[in-house]
Amino acid sequence: MEIPRTSIHGEWSSRLAFILAATGSAVGLGNIWRFPYITGENGGGAFVIVYLVCVLAIGVPIMMAEIMLGRRGRQSPMNTMASLAHDEGRSKLWKGLGWWGVLGGFMILSFYSVVAGWTLAYVFRMGSGMFTNATADGVGSIFGQFVSDPERLLAWHTIFMVMTIIVVSRGVKSGLEKAVRYLMPMLFIMLIGMVFYAMNTGYFGNAISYLFEPDFSKLSAEVILTAMGQAFFSLSLGMGAIMIYGSYLPKQTSIGRTTFIVAGMDTLVAILSGLAIFPIVFAYGLQPEQSVGLVFKTLPIAFGQMPGGLLFGTLFFVLLSFAAWTSAISLLEPAVTWLVENHGMNRVMASAWSGLAAWLLGVVALLSLNIWSDHTLFGKNAFDLMEFATTNIMLPLGGLMIALFAGWMMRHESTMDELHIQDRLHLGYRLWQFLVRFIAPLAVLFIFLNVTGVLDWLANIL
Ligand code: TRP
């Protein structure tokens with residue numbers, strides 16, 4: 001048996017600290033901004049069901065695998081994969097999985113920071129009373145004007161990226177724990193409050209049936225791919241963020257139970273967010289397909305109407321900005337640990353350089369929403385392209401490789417040791433093995449092949 005490694009970057013102070021940090025990473029714009037708008041674009045109920053199935057059957061086992069790899073390697077994703085491949089006597093090429101993740105993380109952080117900038121801007125817009133008694137049309141056009149103004153977007157994107165760099169440069173452990181411990185529950189309570197408000201719009205039933213009554217005729221290969229991508233995105237899987245957080249996890253913590261808590265909270269927040277937003281959509285006669293603007297075009301209407309809305313609305317966007325912040329730092333952390341380990345950079349420089357790189361790419365994303373909106377590839381502007389490529393392709397592929405490594409490349413002794421399993425016939429262990437060996441990889445592969453039409457083509461020639 002190998003000597004257990006320790007991380008040069010430190011360790012979480014407790015299991016709770018890890019749960020808070022991982023939940024901080026998972027719960028973010030993905031739940032409150034992306035989940036509702038993607039659900040709206042993909043027709044509701046059937047999409048939501050496929051998403052939930054993906055979270056359980058693919059997301060949970062892969063999250064366990066990713067935490068496990070991180071804790072066993074205790075380094076940046078590249079060095080973790082290199083060490084583990086060495087331990088298990090596997091090809092050095094597995095290191096590439098770490099690279100793949102860091103690349104994906106950069107691309108996600110770039111557009112993520114742009115949208116997080118919108119939430120920051122909306123803190124001030126809510127607070128200034130801009131939306132008081134505003135109509136749905138008014139709120140919609142305010143958002144339209146905002147996104148077409150590159151200077152504003154640039155300013156907010158820059159502020160958010162600097163905020164992210166500052167936290168990462170001080171080490172993700174200091175401060176994060178406190179921020180998440182108090183702000184996450186507050187965000188949660190605010191969301192529940194919004195759901196109660198939405199219940200009184202008279203359109204809550206419509207939202208329930210929209211979200212939970214599946215119309216399977218709306219499912220297509222692409223809708224299923226999008227649901228799977230959303231599961232990866234929302235759970236922060238497939239690019240080493242959860243791996244690096246796992247690398248700070250104390251040895252005695254149970255990975256299985258921890259994963260269920262994090263995945264459960266993440267999913268709950270997404271569903272609550274849908275329940276808060278869609279009643280407003282229907283009550284004001286809006287279409288569910290509002291693309292990236294959905295949250296920004298709906299919640300301000302409600303805040304503008306309700307008593308105390310100025311205060312609640314401002315607070316809501318403050319909390320959402322925090323949620324985005326705690327997610328963004330997990331996107332930057334893998335690259336930073338690598339620069340520290342391999343290039344002897346100190347944390348501050350490493351954070352600044354990697355943050356700058358993501359900022360630059362973010363500038364491209366934000367310009368593609370206005371000045372460069374005519375430049376498209378496959379009918380998508382740069383922003384959409386980055387979002388699509390990372391979420392629907394890079395994360396599932398990264399997750400697939402993580403599942404294959406954990407399921408097939410690692411010896412039973414290694415995985416059993418990490419998962420604290422004594423008996424190889426342990427039911428939970430066997431179920432997990434079955435999921436990471438077969439179900440998760442085959443599901444990802446099947447969904448990919450379906451979208452690219454390979455399956456149709458095969459069916460035709462057979
Ligand atoms: N999960 C976060 C959200 O829902 C975003 C995020 C943070 C992420 N780290 C990630 C997405 C790693 C994919 C991979 O907002």
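Predicted model: local features only at pLDDT ≥ 70, side-chain atom pairs only at ≥ 80, totals over all residues.
## Ligand site

The ligand is surrounded by 18 residues, and the closest of them are A26, G30, Y112, F233 and S236. A polar side-chain atom of Y112 sits 2.5 Å from an oxygen atom of the ligand. Backbone atoms also take part: a polar backbone atom of F233 is 2.8 Å from a nitrogen atom of the ligand, and a backbone N or O atom of S234 is 3.1 Å from a ligand nitrogen atom. On its own the ligand has 360 Å² of accessible area, and the protein covers 100% of that area.

## Helix α10

Helix α10 runs over residues 221-234 and has 14 residues. From its first C-alpha to its last, α10 reaches 20 Å, close to the 20 Å expected at 1.5 Å a residue. Eleven of the 14 residues are buried, so α10 is largely enclosed by the rest of the structure.

Q230 lies in α10 and is buried, with a relative accessible area of 0%. The side chain of Q230 reaches the backbone oxygen of G30 at 3.0 Å.

## E88 and its partners

E88 is located in the loop between α4 (77-87) and α5 (95-127). Its relative accessible area is 8%, so E88 counts as buried, the limit being under 20%. The side chain of E88 makes a polar contact of 2.7 Å with the side chain of S414 and reaches the backbone nitrogen of R411 at 2.9 Å.

E88 and R411 also meet through their side chains in a salt bridge, at 3.0 Å from N to O. This pair links distant parts of the chain, 323 residues apart, with R411 in the loop between α16 (382-409) and α17. R411 is partly exposed at 32% relative accessibility, whereas E88 is buried.

## Other salt bridges

The whole structure holds twelve salt bridges. One of them joins D417 and R72, whose closest N and O atoms are 3.0 Å apart. D417 lies in helix α17 (residues 412-419) and R72 in helix α3 (residues 45-73), so the pair ties together parts that are 345 residues apart in sequence. D417 is partly exposed, with a relative accessible area of 24%, while R72 is buried at 10%. Both D417 and R72 belong to a network of salt bridges that also includes R71, K251 and E418.

E333 and R347 form a salt bridge at 2.6 Å, N to O. E333 is in helix α14 (residues 309-343) and R347 in helix α15 (residues 347-367), so this pair ties together parts that are 14 residues apart in sequence. Both E333 and R347 are buried.

## Nonpolar surface patch

A nonpolar patch on the surface is formed by W408, L431, F434, F438, I439, L442, L445 and L449. Together these residues have about 700 Å² of accessible area. Helix α18 (residues 427-452) gives the most to the patch, with seven residues; L431 is found in this helix. An α-helix has 3.6 residues a turn, so residues three or four places apart point the same way.

Notes: Residues numbered from 1 in each chain as written. Heavy atoms only, no water. Patch = residues over 30% accessible without salt bridge, like charges linked within 9 Å, V, L, I, M, F, W, Y side chains within 5 Å. Areas by Shrake-Rupley, 256 points an atom, 1.4 Å probe, with all protein chains shown as cover. Salt bridge = Lys/Arg side-chain N within 4 Å of Asp/Glu carboxyl O. Helix = DSSP H or I, 4+ residues; strand = E, 2+ residues; numbered from the N terminus. Expected span 1.5 Å × (residues − 1). Buried < 20%, exposed > 50% of the residue type's maximum accessible area, 1.4 Å probe, protein only. Near = heavy atom within 4 Å. Polar contact = N/O pair within 3.5 Å; in protein donor to acceptor, adjacent residues only side chain to side chain.
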